[in-house]
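Please look over the chain below with its charged and nonpolar side chains in mind. The report that follows takes up the salt bridges, then the cores and the surface.

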Amino acid sequence: MRTNELTLLSMKIFWDVLHFGAMVLLAFCCCTVATFSQDRLDVPGMGMGRASVSITRGLNSIYSNPGLLDAAPLLPTQLDQPLTFSIYTGGGTIGATYLSGDEFRLIFAQKPEGYTKEDRERVGQLLQAERLYANAAINLIAVRYRTKTGGTWAFHHGHRVFARVNFPESFSEIVATSNITGRDYTFINRGIGGDWLTEFGLSYGTTFNGDGAWFPSVGVGATAKLIQGVAHFEVAENSIITIQQVVSGGGGGYNIKGGYQFRSASPKGLNPAEAIGTLLTGLLPSSAGTGFGLDVGIGGTLYSIAGTGQSNQRRDAVFFGMTLQDAGFVNWNTETLVRSAVGINDTLGSGSLDNAQFRRYEGKLAAVPAYSTSFPTVFRAGIGVDVQAFVPELSNRMVLNIEGEAPLNNPPGSASRGRFAVGGEWNLNDWLTVRTGFSGFGINSFGWGLGATVRPTKWLTFEAGSSEFEGLFGNERVDAAARLSIGWVW
């Protein structure tokens, strides 16, 4: 068997099972510029490298820590009106390949005339380094209402996308070089899948106050979410294909073993072109499933210090926060399909590859009963410090936060390892706050955050930030968030 035929076989095994997922992702990732996961809508947190779980306030706490939903502002640039809201907010992380529709189509195109050498080299480059990763969506509305004595309520609604097409490194190498001779190959699924969801979230938080130096205020809160599942695809974790070079019939050959399973769900008659408009406009799309989610959090002041001079009022100095984010599931019940090929164990020699063999590796497509998938659940905890409380000589308030995040499962869109982050914000005056920070591990090994809040009037703020600012100047991934918020007093 010619080596280019086996290369095409390897590509066909992966691309056939990913074709449906590619079309869905093409609809709502390639042409979308507003992207986020739940905590990535905490725009100030993005500017601090996503180090915000103990110092988030206001609308930001809906997405980062509902335990601080009822907490008072820390800085003058944070809105303090009883009613605050934002409309059409976006922010998050998206792999650079998704930003180019032409390149994305090249990866998943099925060309009758076959791939040229230049095509394969370009595709091999595109399939590397988390370039096909997205945590993306648009939030249409967020409202926070602080009652006088009964705590604080909030509501939000928007679209969310998790997507990860993380090809085996050796597969990318074969595609780029068209050379399969001289070594054995093992293709192990490193995380291929995605979800498109819409969610309605209702949050409540309240604060308990005390008189001591330790824990003078503690807030608790939760967000309950009703989920509408739009589309889903995933390759099973245990999917694996091995290609070993052997001697067959007195000549060279290849032994192919393993199997894969590809599972999907989508609305009947899903039209990718219409799906793009649905995501961007926020109109409710057709549903392929329903589910529920929950965020819970706790936070507040860990320690306060005595006032100076004639004032006996204590000042909050050290803050804490902990939250469990995105616990939940979706039950998929529409167009639920599985394509699978299991128990593959073939030894192929020169000339043994034909159309019947290709169809065997494509697997069998079958309808299956409804099934459930989970969200990428994480636990976050952190400590914050008001530096000016300990160094009163500072003319402007500076707040720092350090936090850690641990993934509790590994569905599409989640990180396979924990993350830590250190960040801070510096209040220059009543209308401007700047912030920076960095994060390590997680989805990306390092990210440098940078952001700012501008409050031109008492009732309006504009916030922007990036937790991977260095990526804006490269070609691997883009990470950004922005929001316009309004405060209302009646």
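A salt bridge is counted where a side-chain nitrogen of Lys or Arg lies within 4 Å of a carboxyl oxygen of Asp or Glu. By this rule the structure holds 15 salt bridges. The model is a predicted one, in which local features need pLDDT of at least 70 and side-chain atom pairs count only at pLDDT 80 or more, while totals for chains, interfaces and linings use all residues. Residues are numbered from 1 along each chain as its sequence is written, and side-chain values use heavy atoms, with hydrogens and water left out.

The chain has 9 helices and 20 strands, where helices (H or I, at least four residues) and strands (E, at least two) are DSSP runs numbered from the N terminus.

| Pair | N to O distance |
|---|---|
| Aspartate 326 and lysine 225 | 2.8 Å |
| Glutamate 234 and arginine 263 | 2.6 Å |
| Arginine 419 and glutamate 405 | 2.9 Å |

A residue is called buried under 20% relative accessible area, exposed over 50%, and partly exposed in between (1.4 Å probe, protein chains only). Aspartate 326 is buried, with a relative accessible area of 6%, and lysine 225 is buried at 2%. In the second pair, glutamate 234 counts as buried at 15%, whereas arginine 263 is partly exposed at 22%.

Turning to nonpolar side chains, a nonpolar core is a set of buried Ala, Val, Leu, Ile, Met, Phe, Trp, Tyr and Cys residues joined through side-chain atoms within 4.5 Å. The largest such core has 10 residues, including Tyr185, Phe187, Ile241 and Leu348. The elements that give two or more residues to this core are β4 (185-188), β7 (240-248), β8 (251-265) and β11 (337-349). Apart from it lies another core, of 9 residues, among them Ala288, Val330, Tyr371 and Phe375.

Finally, what share of the 490 residues in the chain is buried? Buried residues make up 55% of them. Strand β1 is mostly covered, as 10 of its 13 residues are buried.
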